[in-house]
Amino acid sequence: MSVAAIQDEISEAIKAHSTWKLHLRTGTISGRLETPSRDICCDDKCKFGQWLYSPSTEAGMAGDANYVRAKKLHSEFHKFAGAIAQKIERGDLDAAKHDLDLGKPFDEKTKELTKHMMIWRKSLQ
């Protein structure tokens, strides 16, 4: 895979993962989600996760520290997002809203993942 293609994957992932807060926030208003929590919890269901875990990506990037860190942060992000989604599905909307507030673990993990992906993308130039 070319450097440009990797950078494109990372750029698309940054965009896609930045919209999760909006999807979850919408769920706290409507009481429902477009994607079930069992899928949100999994870091290999989204397009970026599928790319991260693809045999060709794993083989080509296994020794890359930025790849390894992105994979770890991505997994943690989905665990936090999935926990919020489970609260929405249970109808615990106030707790889900609280978990989406600035400075809470999901917000911090989103920032950390985004920052790292930007660093990784830039390191490929």
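Reader: Is Cys46 buried or exposed?

Author: This is a predicted model, and in it Cys46 counts as buried, because its relative accessibility is 16%, which falls under the 20% limit.

Reader: And what about Cys42, buried or partly exposed?

Author: Cys42 counts as partly exposed, because its relative accessibility is 28%.

Reader: How many disulfides are there?

Author: The count comes to 0 disulfides. Cys42 is in none, and the nearest cysteine sulfur to its own, that of Cys41, lies 6.5 Å away.

Reader: Changing topic, how many residues does the largest nonpolar core have?

Author: The largest nonpolar core has 28 residues, and those with the most contacts inside it are Leu24, Phe48, Phe106 and Trp120. Two or more residues each come from helix H1 (3-18), helix H2 (20-30), helix H4 (47-53), helix H6 (65-90) and H8, with the largest share, 8 residues, coming from H6. As background, nonpolar side chains in soluble globular proteins tend to be buried together.

Reader: Which residues does Phe106 contact?

Author: Setting aside neighbours within four places in sequence, Phe106 is in contact with Trp20, Lys21, Leu24, Phe77, Phe80, Ala81, Ile84, Asp99 and Leu100.

Reader: What does the Asp99 side chain join up with through a polar contact?

Author: The side chains of Asp99 and Lys87 are joined by a polar contact of 2.5 Å. Beyond four places in sequence, the residues in contact with Asp99 are Ile84, Lys87, Lys104 and Phe106.

Reader: On to H8, then. Where is His116, and what does it touch?

Author: His116 is found in helix H8, which runs over residues 105-123, and, when residues up to four places away in sequence are not counted, His116 touches Asn66, Arg69, Ala70 and Leu73. The C-alpha atoms of His116 and Arg69 are 8.0 Å apart in space, although 47 residues separate the two in sequence. His116 also counts as buried, because its relative accessibility is 8%.

Reader: And Met117, buried or exposed?

Author: Met117, which lies in helix H8 as well, counts as buried because its relative accessibility is 0%. Apart from residues up to four places away in sequence, Met117 touches Ile10, Ala13, Ile14 and Phe48.

Reader: How far is Met117 from Asp94?

Author: Met117 and Asp94 are 23 residues apart along the chain, and their C-alpha atoms are separated by 31 Å.

Reader: Last topic, pockets. How much space lies in the largest pocket, and what lines it?

Author: The largest pocket holds about 210 Å³ of space, and its lining consists of Trp20, Leu22, His23, Thr26, Ser30, Arg32, Leu33, Glu34, Thr35 and Ile40.

How values were computed:
Residues are numbered from 1 along each chain as its sequence is written. This is a predicted model: local features need pLDDT of at least 70, side-chain atom pairs count only at pLDDT 80 or more; totals for chains, interfaces and linings use all residues. Side-chain values use heavy atoms; hydrogens and water are left out. Helices (H or I, at least four residues) and strands (E, at least two) are DSSP runs, numbered from the N terminus. Buried means under 20% relative accessible area, exposed over 50%, partly exposed in between (1.4 Å probe, protein chains only). Contact means heavy atoms within 4.5 Å. A disulfide is a pair of cysteine sulfur atoms within 2.5 Å. A polar contact is a pair of N or O atoms within 3.5 Å; within protein, one must be able to donate a hydrogen and the other to accept it, and residues adjacent in sequence count only if both atoms are side-chain atoms. A nonpolar core is a set of buried Ala, Val, Leu, Ile, Met, Phe, Trp, Tyr and Cys residues joined through side-chain atoms within 4.5 Å. On a 1 Å grid over the protein atoms alone, a cavity is a set of points where a 1.4 Å probe fits but cannot get out, and a pocket is an open set with protein on both sides within 12 Å along at least five of seven lines; lining residues have an atom within 4 Å of a point. Grid points are joined across faces, edges and corners, and a volume is the space filled by probe spheres set on the points.
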